[in-house]
Amino acid sequence: MTLGLSASMQQPLVVSSKKLLVLGGSGFVGSQVVKRASEELGYEVVAVSRRGRPADADSFFNREESVTWRCGDLTEQESVRKIFALDGPFDAVIHCMGILFDNDSGLGDFNRLASGSGSSPGGASTYDKVTKQSALFAIEAAIEQQEQQK
């Protein structure tokens, strides 16, 4: 199926010298974002997860030299700030971490089935803390870094 685009418009967009931060880079969605951004779009990628570099990175990523893996707990504001201070500034941030069910729902173990990385939330993990609060910490860190650069 074609979309009526010229051949040059159907080619993947290649961006040079752009830096992307992927939060939750080792999960199912995050690993796909890291792979496509680094291999197809030419981004320098910083990927962060609780476990850091995935064990299967050698077989999954073809251009791993363009990916920097960081291990960090993104539910802690100071961890997020450290990533921005160490590796920023970033041209874009993509938030790929989250949980479907928190432990309060009684369904926390089902996250292991839905997660590409097989992770399961800890006892104190709630949807708000893992998904919402980590995104807000990243927004705050980006704003702080932008203000420091002025």
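Author: In this predicted model, the largest nonpolar core has 14 residues, and L21, L23, V48, L74, V80, F84 and F90 are those with the most contacts inside it. Two or more residues of this core come from each of β1, β2, α4 (77-87) and α6 (127-149). Helix α6 gives the largest share, four residues.

Leaving aside residues up to four places away in sequence, L21 touches V46, V48, I83, F84, F90, A92, V93 and I94.

A search of the whole structure finds one aromatic pair. That pair is formed by F84 and F90, and its geometry is edge-to-face, with 5.4 Å centre to centre and 85° between the planes. The angle counts as edge-to-face because it is over 60 degrees. F84 has a relative accessibility of 4% and therefore counts as buried. F90 is buried as well, with a relative accessible area of 15%, since buried means under 20%.

G88 and P89 are joined by a cis peptide bond, with omega about 0°. Most peptide bonds, by contrast, are trans. P89 lies in the loop between α4 and β4 (92-95).

A second, separate core has 12 residues, and V34, A37, A47 and F61 are among them. The length of α2 can be checked by a simple calculation: its 12 residues, 28-39, should span 16 Å at 1.5 Å a residue, and the end C-alpha atoms are 17 Å apart, which agrees.

Charged side chains also link elements that were named above. Side chains of opposite charge can pair when their charged atoms come close. The structure holds six salt bridges. One of them joins K19 and E44, at 3.9 Å from N to O. Because K19 lies in strand β1 and E44 in strand β2, this pair ties together parts that are 25 residues apart in sequence. K19 counts as buried at 17% relative accessibility, whereas E44 counts as partly exposed at 40%.

R81 takes part in two salt bridges. With E78, the closest N and O atoms are 3.9 Å apart; both residues lie in helix α4, three residues apart, about one turn of the helix. With E144, the closest N and O atoms are 2.9 Å apart. R81 lies in helix α4 and E144 in helix α6, so this second pair ties together parts that are 63 residues apart in sequence. R81 is partly exposed, with a relative accessible area of 30%, E78 counts as partly exposed at 44%, and E144 counts as partly exposed at 27%.

The whole chain provides the setting for these details. Its secondary structure comes to six helices and four strands, in the order α-β-α-β-α-β-α-β-α-α along the sequence. Of its 150 residues, 37% count as buried. Among contacts between residues at least 6 apart in sequence, 60% join residues at least 24 apart.

How values were computed. Residues numbered from 1 in each chain as written. Predicted model: local features only at pLDDT ≥ 70, side-chain atom pairs only at ≥ 80, totals over all residues. Heavy atoms only, no water. Expected span 1.5 Å × (residues − 1). Phe/Tyr/Trp six-rings, centres within 6.5 Å; stacked < 30°, edge-to-face > 60°. Buried < 20%, exposed > 50% of the residue type's maximum accessible area, 1.4 Å probe, protein only. Core = buried A, V, L, I, M, F, W, Y, C linked by side-chain atoms within 4.5 Å. Contact = heavy atoms within 4.5 Å. Salt bridge = Lys/Arg side-chain N within 4 Å of Asp/Glu carboxyl O.
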